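Visitor: Hi! I'm new here and would like a quick tour. Could you put it on the screen for me?

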Amino acid sequence: MAGYLIRRLTTAILVVFGIILVTFLMLHIIAPSPAITVLGPKAQPAAIKAWNHANGFDKPWWDQFATYLGHLFQGNLGYSYHLNQSVSALLTEKAPLSGLLTIASLVLSILVALPLGIYQGVKRNSFGDITATSLAMIFYSMPTFLVALVLVQVFALSLKWVNPNVPQDQTLSGALAGWPDLIMPIVALTLTAVASYSRYQRSAALDVLAQDYIKVARAKGLSERLVYSRHLVRNASLPMITLIGLSLPLLIAGNLLVEYTFNINGLGLLFVNSLQGYDYNVLMAYTLITAVLTVVGNLIADICLTLSDPRIKLV
Amino acid sequence: MSETNTPAVSTETETETARGVEDVSVTIESPAGPEPAVPAVSDAGELQSTTSAWKLTLREFLKNKMAVAGVAILVFFVLFCWLGPVFYHSNQNTTDLLNTDGAPGAGHPLGTDSNGFDIIGRIMIGGQTSLWIGFAAAVIATVIGTLWGAVAGLLGGLIDATLMRIVDILLSLPFLLVVLIISQRYGANTWGLIIILGVFSWLVPARLIRGEVLSLKVRDFVSAARVMGGTNTRLIFRHLIPNAMGTVIVNITFQIADAILALAALGYLNFGVRYPNTDWGSQLGDAQSNLSNGYWWEVFPVGVSLVLVVMAFNFIGDGLRDAVDVRLRKR
Amino acid sequence: MALLEVNNLSTHIAISSGSVQAVDGVSFHLEAGETLGLVGESGCGKSMTGLSLMRLLPPGGQLVGGSSVKLSGRELVDLPESEMRKIRGNEIAMVFQDPMSSLDPTKTIGYQVSEPVMLHRGASKAEALDRAAEVLGLVGLPKPKERLGDYPHQLSGGLRQRVMIAMALACEPKVLIADEPTTALDVTIQAQILTLLNDLKDRLGMAMILVTHDMGVVAGHADRINVMYAGRIVESTKTDELFSDMRHPYTQGLLASIPRLAQDNTQKLFTVPGLPPDLSNPPTGCRFAARCSYAQDDCRTEDPGLKGPKEHTFACFHPVDGPLDLTSSTTVADRSAPAAKEKRPLLEVTDLVKEFPVGGNLFGRNKAVVHAVSGVSLSLGYGETFGLVGESGCGKTTLGRMIVGLEKPNAGQVTLDGAQVGSLRGKALRRHRRDLQMMFQDPHASLDPRMRVGSILREPLQIQGIGTAQEQLSLVTDLLGEVGLPKSALERFPHEFSGGQRQRIGLARALTLHPKVIVADEPVSALDVSIRAQVLNLMKRLQASHDLSYVVISHDLAVVKYLADRIGVMYLGKMVEVGSGEDIYQRAAHPYTAGLLEAIPVPEPELEREKRGGGIKGELPSPVAPPSGCRFRTRCPLAQERCAEEEPAMRLFGDGHVAACHFPLQTPVSDTPVTVATPAGEAV
């Protein structure tokens, strides 16, 4: 197990390094210097040159990359010239709310989608399956923000059960105090995720149901219920572990769209706002964090799969 | 009971060789000529009816009602977006500030938007952009992905490992964020968006095609071509690509759906094509703040169009995949 | 009263284009302690009959009204599902074909075997596990108590099938249905499992239904046999009577078309022409009529139905009387002296070695090596056929692929007509490939599904740049005729052909380049018996007319013996014995060869019954770490210390007969080691 973990971690670290490099290069090519942001659009070329020199933006890219890496190791994510704040402080401030949204919707969607997909596989082509499949297809084909807009129209504007916007309180406790306002964003995220997870879970269940060992279980005299609970659920859920690990970037993208729609003061909204002024360090930091979360998510998924699938050897 | 037959040893018909020789003297028939309806009987048994693999796929596809519905929806929207403006004239060039945010009614069956453009006409224009960008980006992504995956799968070894590690790293990058960052700078026009979306979504097809090539290259018919002295180029173009085509086409379909969705997200966040051009996402982005003013017609008609088109592609993709699977099972 | 009485059992399966009458009016009975064989070719409904008894039908499957299955007088067909569940796994249990996919990969074998005990006997978990250990011991799993916590993937195929059997026997059922229980296993393991099933049946006093396509398997292990064809039973009688005095022409033809070990291989095999009917639209009357040489008008209009005395029933208006007299059969072209034309060998393989790396990662750590072929030599004369036999994992397929250049050997040489194949590059290599062609095992995978047969057959000519389009077409049409397919086949796609037809196309393709040698890898093992004989005859005929030499690779010694002049027996990457068919069959020198012969089921009841309990013990060792010295020593009854220390050299046992064994079953002619496998007639 230890050997496996070490090897898996080494790969993960290499991937993270690759991600930092690629992201850095991408941003470097697109926007070699934040000078204009800092000095304003009317700055003279000479002033820009001087600022670039003073802040090291005239050095070759590998030099700048080395500096960036060095800072990164010290936990220094740079400075937002736009918001005049350190990026770490900004992230710490806004992360809890985004985290709450993402984790709540992830947990909810797993709790709904896995049983739903198994049910659909077992009751293939029944009324329930067809209804669920059709609904899933609609939500699967709908961008998250459109789901959000439909929810706003129905529950906030027509039925007036909730507020259309989430109050501008970015602290976790503040948001929790106004928790009913968080229902719609979380539901919007959950519906999208359930649509895609249940589709996969259904087909995974169908795959398992076609296996010989299900026939064998029936030949033992097990009731359908026992066949499913003992031999179907676990085998059909195993492929979902990897899938959920891989779907993290999508969840985060959905989170961004939902924060934008409901005006939730989280990381996603920060990112969208930073795009306008090309707030280099914020963009870089958020992209990196998302990528690292994805790598970590895949790592966790791999470990979970290793623990729950006896076929995978821990050598 | 007492009746028995003298066992007559049945051996292969000796005439078959002669028949083969006879046929040689006949010169080449036109290949398009109809097959003789006479069942071809020989000691090898009868031949079944003749259908090509593609026809079989098509037949299976047409059995799938959802997939056929998907085709119908798609055809409708293509005609609506490109032929619609010919029949349904609306001013889409100059803003009409006297008629902004107009409710559905005479002259504007679905109302007007915040610039006073007719919504129906706007959906047609936006649809052209969304469908075209989605299609083109998906083709680019699939072409890159297919080549990448095929090379990795076919060559194997260190090349495969390197190519697939690159895919792993890029897959960990958050697609939407990267595309947003780049389109902030280079987007805003149709080709910019096509290239950005295409260049960043080839990873999944690359994995898919690699898997397909890995399973194809160990098949006996590929070995057979090798034994005949077939070169790698021949293997790729005569055997691997034609056989992976089904997977590639299914992938393009899903890829279009995904690209349209991604473009919608970009447009929604204001990074789609720039005014006066528009796409469905941009329309939704412009209109979302007006939803609370009660201008539902600015959001939902275009929203429904978007969902229907994406759903159509997903239905077609599902139908094609199942049809290809059935054919695989039959062979 | 019989233990199990089946009357008029009919199962229909709904498909999109109608319904398949998979089982049609099947009636039989089974007495306690009896083994009933249910034999027939693929698609004849034998497996579906087994599943119907358990009422475990696939989606769309349905028992047709009037069907009756009585277990000890109790009707099962209309039992409520909850009652039926108490029968399954308890009174009637089933063993399935593929042990690899029949066990839940995420549950321990202890759990899986104890599951029916908890279910049907209300045992506690601990009691059930005790019982599981007991049954696992009964089926011969070594140290069963310690292995309860093992997962299926940790066991070999043979052991998994033992676990499957334990699972079925855990509740001591009255009836065991074994559905092709050994088809997925190697022949030595097959013999072990069949013996085990037989022992257990006797010890536990069960009745058994043995469903199989293999007449050899039922010959030795069934008391009575039902022969099925196209969803119906066509003949039913005691085993000996079926083999010696069959009445149905199908039974007669089926038995006549099986190549025998004792067969004169200059004779043509009997064949049943054509293919079985499509069961979604079966013909009226006798379903075999279209392929039957005795059929008359009444056969095509009226269903004969099972008739005759109770102990021997058959469904035929014009029954036959016993086996076919095969002495009158045509002989194939005389090839008694294949080596006469040329003295020097056509193909020589010297000390070929192939190792495949397994496991390991990007950095090349943890690398293990599968020793697939470890120094094998052979030679092939002009017009000769060399047969390679051995069980899966013995390296025979890898050896064949190295001969045609599909795999690069790690060491050793292949020489064809004096030219070293390994040293050729580019154009010379491509030119050379014409002489070495291959015929593949799986008729579904060997033809490109996207190409028409015409293009498939012309491809070799195009690659080699031979002839104009016109000439190619005429050559291809000729060949198609030679393999017995009509010209219209040119425009068709592979999926439109049956397995046998596809193998013919594969053979035609191999012939287009006028090769000197064709390597045929399991050319008939995917085919049904009656189709198999057609393809074997064809291969023989074409060999004579095209001056071919074959290397035939097969796990089936009877097939190899029918085709080959000389046979090489391989075990775990090594050639252990080479000799003529008669040397191998009559005078085997290596204990492995003898054990293999013992294990192969032959369609002769008396021989088979004598053999029960014989054969090779144990499992194949891992090719990653093959045993030292003689690789067979771990399973050899004659092994001594010397076998572990010293690898035996090939010694001569007669003209062209060599074997590598320290303690051979025959006395060697000389004790000096010889180079391997010289063609017959050329003593060293």
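Visitor: How many salt bridges are there over all chains?

Guide: A search of the whole structure finds 46. A salt bridge here is a side-chain nitrogen of Lys or Arg within 4 Å of a carboxyl oxygen of Asp or Glu. Keep in mind that this is a predicted model, in which local features need pLDDT of at least 70, side-chain atom pairs count only at pLDDT 80 or more, and totals for chains, interfaces and linings use all residues. Residues are numbered from 1 along each chain as its sequence is written, chains are lettered from A and ligands numbered from 1 in the order in which they are written, and side-chain values use heavy atoms, with hydrogens and water left out.

Visitor: What's the salt bridge count between chain B and chain A?

Guide: The count there is one. Arg199(A) and Asp318(B) pair through their side chains, at 3.3 Å from N to O.

Visitor: Why does that pair join two chains?

Guide: Arg199(A) sits in helix H9 (residues 180–209) of chain A and Asp318(B) in helix H13 of chain B, so the pair links two chains. Helices (H or I, at least four residues) and strands (E, at least two) are DSSP runs, numbered from the N terminus.

Visitor: How much area do chain B and chain A bury between them?

Guide: About 3,600 Å², with 78% of it on carbon and sulfur atoms. Buried area is the accessible area (1.4 Å probe) that two parts lose on being put together, summed over both. In chain B, Leu177(B), Ile181(B) and Tyr268(B) lose the most area to chain A, together 17% of what that side buries.

Visitor: And how many residues are in contact?

Guide: 39 residues of chain B are in contact (heavy atoms within 4.5 Å) with 43 residues of chain A.

Visitor: New topic: where in chain B is confidence lowest, and where is it highest?

Guide: Helix H1 (residues 15–25) of chain B has the lowest, at a mean of 31, and helix H3 (residues 65–82) of chain B the highest, at 92. These are pLDDT values, the predictor's confidence in each residue, from 0 to 100. Over residues 1–43 of chain B the pLDDT is below 50. Where pLDDT is low, the predicted coordinates should not be read in detail.

Visitor: What is the mean for chain B?

Guide: Its mean pLDDT is 78, and 82% of the residues of chain B reach 70 or more.

Visitor: Last one: how many helices and strands does chain C have?

Guide: Chain C has 22 helices and 24 strands. Its C-alpha atoms fill a box of roughly 75 × 65 × 50 Å, taken along the principal axes.
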